Amino acid sequence: MKYARYLVLISIALTALSDLADANGAYEVTTTQLPKGIEFEVGGMDFRKDGALFICTRIGDVWFYKDETWKKFAGGLQEPLGLVVGEEPGEVFVLQRTELTRLVDKNADGRAEVFETFGSGWDYEGTFHGYAMGLIRDPEGSFYGNLGLEIDAENTHDGAWLGTRTARWRGWHFKITKDGTFVPLSPGTRTANGIVRSPDGDIFISDNQGSYIASGWLMHAVPGEFLGHPAGLKWDNRYSSKLASMTVDDFDKLRKRPAIYFPYPRMGRSASEPVFDTTGGKFGPYAGQIFIGDVTQELLMRCSLENVKETWQGACYPFLRKGDLGAGNNRLRFDAKGQLFIGQAARGWAKGSGLQVVRWLGKTPKTVLDVEIRRRGFMLSFTQAVDPAAAALRANYEVRSFRYEYTSKYYADQLDVQTVKPNHVKVLDGGKRVLIGLPLEEDRVYRIRTKHLGLEFAGESFYTVNKIP
Amino acid sequence: MGVIAGLVRFDREFFVVSPGSTVLLRFENNDLMPHNVVICRPGEETCMKVAEGAWALGDRAAALEYIPPDATDVLQHTRMLNPGESEALYFRAPEIEDDYPFTCTFPRHAYSMKGIMRVSVDLHQSAPEELSAEPIVLDPAKKPIVYRTTITGVSTSAIAVGMPKGPHYVFNPEQCTIALAWQGDFLDVSKDQMGRGGAGSKIRGEPFFRDSGESPLHLGAPSAKHAIQYRGYDLLDDMPVFHCEYDGVTVNLAAAPATGGTKLKLSHEVIAPKRDVFYVPPSGMDTHVANRGGGTRERGYIRFKAAPRIRTSFEIRP
């Protein structure tokens with residue numbers, strides 16, 4: 001009798017585990033063979049129109065892959081963390097610590113001879129955290145990136161360990177116009193490693209957890225808005241003179257809220273570059289969503305965004321976890337076939353470097369496609385219809401909500417954690433969608449998990465509510 | 001014991017104690033992040049396992065001082081110390097002679113914060129090799145190497161150039177000058193390329209030339225100051241030709257090994273200056289003027305008449 005009870009407990013435990021299991025037979029991860037003896041820590045990555053893949057590495061080299069061969073295009077760059085292939089023949093742009101550089105292979109021998117300073121204008125004091133990160137170009141030819149804060153022992157605010165004393169424009173999201181002019185756009189980044197432009201032209205940046213950045217997040221970057229970390233306000237003439245007397249509450253009132261939190265550490269510790277799935281279905285059912293990885297974990301996530309009352313918000317979901325996937329996920333790009341290339345670099349934080357490729361095998365995974373907010377709850381859409389009877393049970397949805405502390409402490413707490421009981425559930429479209437009614441509050445994150453619906457990762461979703469429609 | 005600020009490493013990564021002796025370990029957190037010291041049972045992975053256990057504590061970590069309650073491999077540990085705090089650990093060293101690894105269990109720090117407490121009757125020992133990893137030294141023996149990095153005292157974004165037979169030099173883009181020149185091995189990039197990196201490089205030799213930190217080239221008057229803009233470089237046979245602008249006037253600069261017993265030849269090219277160009281040799285520098293630009297030696301400087309293109313070359317000798 002005693003043992004029988006244990007067996008029941010064990011089987012319940014196993015069910016819970018398998019519901020959370022990471023099996024995902026719909027995708028295949030392969031590891032690319034790289035030239036031996038080469039440090040391949042990917043800091044930037046882009047495809048040329050002819051399909052050649054260009055990569056820059058943390059130790060300062062640029063490589064390209066064409067006709068099944070790797071060739072070194074350039075070397076000697078200062079920790080480049082962004083790369084965009086240019087439109088002129090032989091032209092590649094890389095973002096070094098102190099400048100955006102235009103490399104040109106003029107004589108078409110496969111190696112750059114020109115290392116032209118294309119744009120610069122920020123300072124770098126020589127601490128490892130002073131990164132210049134991410135690089136994208138808009139259709140008009142302007143470049144965008146982010147400047148990480150440097151370590152500054154003497155200019156902390158309430159003990160935050162990153163600051164900026166004399167180095168200009170640290171902690172800013174910036175633009176370099178096509179004529180090479182440096183334009184600081186918005187203050188408030190900490191270590192914003194990633195940047196992406198939506199098909200509609202909105203720019204989103206991903207920042208790293210630490211002081212004032214409660215958890216990794218995706219932020220809609222609009223020029224002039226304060227993006228969260230006060231160190232960069234020093235270079236904002238609206239605030240620089242009063243900065244010393246401003247309190248954490250003042251910063252809190254001033255700051256823009258992130259569109260999506262990646263709750264630490266379940267959804268990673270250090271977000272990668274985001275990329276929009278523009279494959280039109282070649283990569284599976286998630287067309288239009290964002291894919292984003294984690295530098296310290298074997299984790300890829302996806303995100304859905306929606307605009308509510310002129311504010312971007314949405315949800316993140318685990319996509320691949322462990323298995324064949326490595327850590328160090330830093331740069332993401334889709335190739336023309338709709339395969340997702342992952343450039344990896346984790347040195348100093350975790351193990352993992354190199355290049356992996358994720359391919360959709362054609363099978364539709366069974367999971368939450370997306371979560372959308374409604375006035376009184378969430379609409380969950382599934383990639384395949386789920387059992388309508390199971391889906392109709394309120395008890396099969398576990399919802400927890402919390403808000404993040406805004407603090408100079410290195411680790412913020414989840415505050416006011418609540419279990420939220422759905423008050424009703426409505427199954428729609430024969431089990432393809434479910435409307436879950438529950439009380440909503442703004443400025444909170446909602447974690448949703450499902451039971452007995454047979455969904456991958458137990459349908460785990462984290463929705464950041466900035467606005468209720 | 002403390003921390004090398006900014007590098008996420010202990011400033012002491014190896015020490016020896018006698019078996020069974022009383023140990024006083026004073027740890028001062030002189031860094032800007034929280035740190036602790038956790039001494040573990042012998043084994044290559046024990047500390048990493050403890051650290052991973054601590055990371056998995058999530059929200060409970062702070063209350064538990066970042067020590068997993070079920071960890072069996074922890075021998076001694078300090079509290080998680082905030083910046084500026086310190087703590088003294090008094091403990092009896094293990095009786096068994098072995099290497100006892102230590103680490104910091106703050107998330108991710110164990111990848112770079114690691115050391116060994118060796119228990120041994122022989123107190124005079126040097127650190128095991130894996131703790132003093134081979135430095136990464138760039139070797140330009142086969143062809144020139146150009147490498148952009150922080151060189152203390154020159155620039156946080158200097159350009160080091162190594163040549164197969166030397167000499168090697170450092171270009172300072174902020175002043176458009178050759179800042180250092182030396183013979184021997186080229187460049188130690190370990191602090192740039194190991195661990196979290198980005199901490200700069202060290203030249204592997206005693207410089208026979210060190211500039212004053214200012215450009216020797218002046219337009220209009222020997223003491224004229226200019227807004228100098230670095231514009232990049234081109235590679236010509238793997239050697240860089242640097243481009244700068246002095247108040248909008250283009251100045252190109254190249255350096256090459258010199259023949260005839262001298263060491264480094266600097267070639268400047270000034271494009272269409274409207275006024276005369278003055279070369280003021282850095283003090284203590286032994287220069288030869290190759291008079292290709294028609295320069296005339298005057299008191300303390302060499303003057304070149306304004307022309308569509310002025311070419312000068314100077315040699316730096318040890």
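Predicted model: local features only at pLDDT ≥ 70, side-chain atom pairs only at ≥ 80, totals over all residues.
The predictor assigns the complex an ipTM of 0.92 and a pTM of 0.85. Chain A has an average pLDDT of 92, and 92% of its residues score at least 70. In residues 1-23 of chain A, however, the pLDDT is below 50, and this stretch has 16 contacts in the model beyond near neighbours in sequence. For chain B the mean pLDDT is 88, with 93% of the residues at 70 or more.

The interface was examined next. Contact between the chains involves 38 residues of chain A and 30 residues of chain B. The size of an interface is often given as the accessible area lost when the parts come together. Here, chain B and chain A bury about 3,000 Å² between them, and 51% of this area is on carbon and sulfur atoms. Of the area that chain B buries against chain A, 23% is supplied by Leu32(B), Arg108(B) and Arg196(B), more than by any other three residues.

Polar contacts across the interface of chain B and chain A, counted with both residues at pLDDT 80 or more, amount to 15 residue pairs. On the side of chain B that touches chain A, two or more residues come from each of β11 (145-151), β12 (155-162), α2 (190-193) and β19 (228-236) of chain B. The most is given by β19(B), which contributes six residues. Sorted by class, this side of chain B comprises 13 nonpolar, 10 polar and seven charged residues.

Side chains of opposite charge can pair when their charged atoms come close. One salt bridge is found across the interface of chain B and chain A. The partners are Glu99(A) and Arg148(B), whose closest N and O atoms are 3.0 Å apart.

Strand pairing also links the two chains. Strand β9 (residues 114-119) of chain A runs antiparallel to β19(B), and three bridges join the two strands. Within this pairing, Val114(A) has Asp234(B) as its bridge partner in β19(B).

Within chain B, an open sheet of three strands is arranged in the order β10-β15-β16, with antiparallel pairing. Its edge strands, β10 (137-138) and β16 (202-203) of chain B, each pair on one side only. Two bridges connect β10(B) with strand β15 (residues 187-188) of chain B in the antiparallel sense. Leu187(B) in β15(B) is the bridge partner of Leu138(B).

Over all chains, the structure holds 42 salt bridges. One of them is formed by Arg347(A) and Glu41(A), with the closest N and O atoms 2.7 Å apart. Arg347(A) lies in the loop between β25 (340-345) and β26 (353-360) of chain A, and Glu41(A) in the loop between β1 (27-31) and β2 (42-47) of chain A, so the pair ties together parts that are 306 residues apart in sequence.

Several loops contain backbone features of note. In chain A, the peptide bond joining Tyr264(A) and Pro265(A) is cis, with omega about -10 degrees. Pro265(A) is located in the loop between β19 (260-262) and β20 (271-276) of chain A. In chain B, a cis peptide bond runs from Gly166(B) to Pro167(B), with omega near -10 degrees. Pro167(B) belongs to the loop between β12 and β13 (168-172) of chain B. Lys322(A), a residue other than glycine, has a positive phi near 55 degrees. Lys322(A) is placed in the loop between β23 (311-321) and β24 (329-334) of chain A.

Definitions and conventions
Residues numbered from 1 in each chain as written. Chains lettered and ligands numbered in written order. Heavy atoms only, no water. Contact = heavy atoms within 4.5 Å. Buried area = accessible area lost by both parts, 1.4 Å probe. Salt bridge = Lys/Arg side-chain N within 4 Å of Asp/Glu carboxyl O. Polar contact = N/O pair within 3.5 Å; in protein donor to acceptor, adjacent residues only side chain to side chain. Helix = DSSP H or I, 4+ residues; strand = E, 2+ residues; numbered from the N terminus. Nonpolar A, V, L, I, M, F, W, Y, C, P; charged D, E, K, R; others polar. Pairing = 2+ DSSP bridges. pLDDT = per-residue confidence, 0-100.
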